[in-house]
Amino acid sequence: MDKKLYRDTADKMIGGVCAGIGNYLGIDKTVIRLIWAILAIGSISGLLWVYIICWAIIPADNNIIDR
């Protein structure tokens with residue numbers, strides 16, 4: 001099976017990055033969002049840049065039909 005990482009535009013809160021990572025890893029999106037938020041609070045601005053870069057690099061799932 002050929003898994004690819006996409007941003008989840010259907011279940012997004014900001015850009016769909018955490019939802020896409022959750023779908024790719026098979027983990028609940030809420031867990032990914034909580035981990036991301038805890039790490040963001042600890043690192044102040046570093047993780048914000050990582051999120052923005054992921055948002056720009058990871059393609060949206062606009063054309064994906066089956067999940």
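A salt bridge is taken here as a side-chain nitrogen of Lys or Arg within 4 Å of a carboxyl oxygen of Asp or Glu. The structure is a predicted model, in which local features need pLDDT of at least 70 and side-chain atom pairs count only at pLDDT 80 or more, while totals for chains, interfaces and linings use all residues. Residues are numbered from 1 along each chain as its sequence is written, and side-chain values use heavy atoms, with hydrogens and water left out.

By the salt-bridge rule, the count is one. The partners are K29 and D11, whose closest N and O atoms lie 3.7 Å apart. This pair ties together distant parts of the chain, 18 residues apart: K29 belongs to helix α2 (residues 29-43), and D11 to the segment before α1 (17-25). Helices are DSSP runs (H or I, at least four residues), numbered from the N terminus. With a relative accessibility of 34%, D11 counts as partly exposed; buried means under 20% relative accessible area, exposed over 50%, and partly exposed in between (1.4 Å probe, protein chains only).

K29, I32 and W36 are buried in α2. Seen down the helix axis, the buried residues of α2 fall within an arc of 65 degrees, so they line one face; the arc is that of the directions from the axis to the C-beta atoms. L34, I38, I41 and G42 are exposed on the other side of α2. Among the elements covering the buried residues of α2 are α1 and α3. Just after α2, I44 has a positive phi of about 55 degrees.

In soluble globular proteins, nonpolar side chains tend to be buried together.

The structure holds zero disulfides, a disulfide being a pair of cysteine sulfur atoms within 2.5 Å. The sulfur of C18 is 8.8 Å from the closest cysteine sulfur, that of C54, too far for a bond. C18 is buried, at 8% relative accessible area. Beyond its neighbours within four places in sequence, C54 is in contact (heavy atoms within 4.5 Å) with R7 and V17.

Terms used
Helix = DSSP H or I, 4+ residues; strand = E, 2+ residues; numbered from the N terminus.
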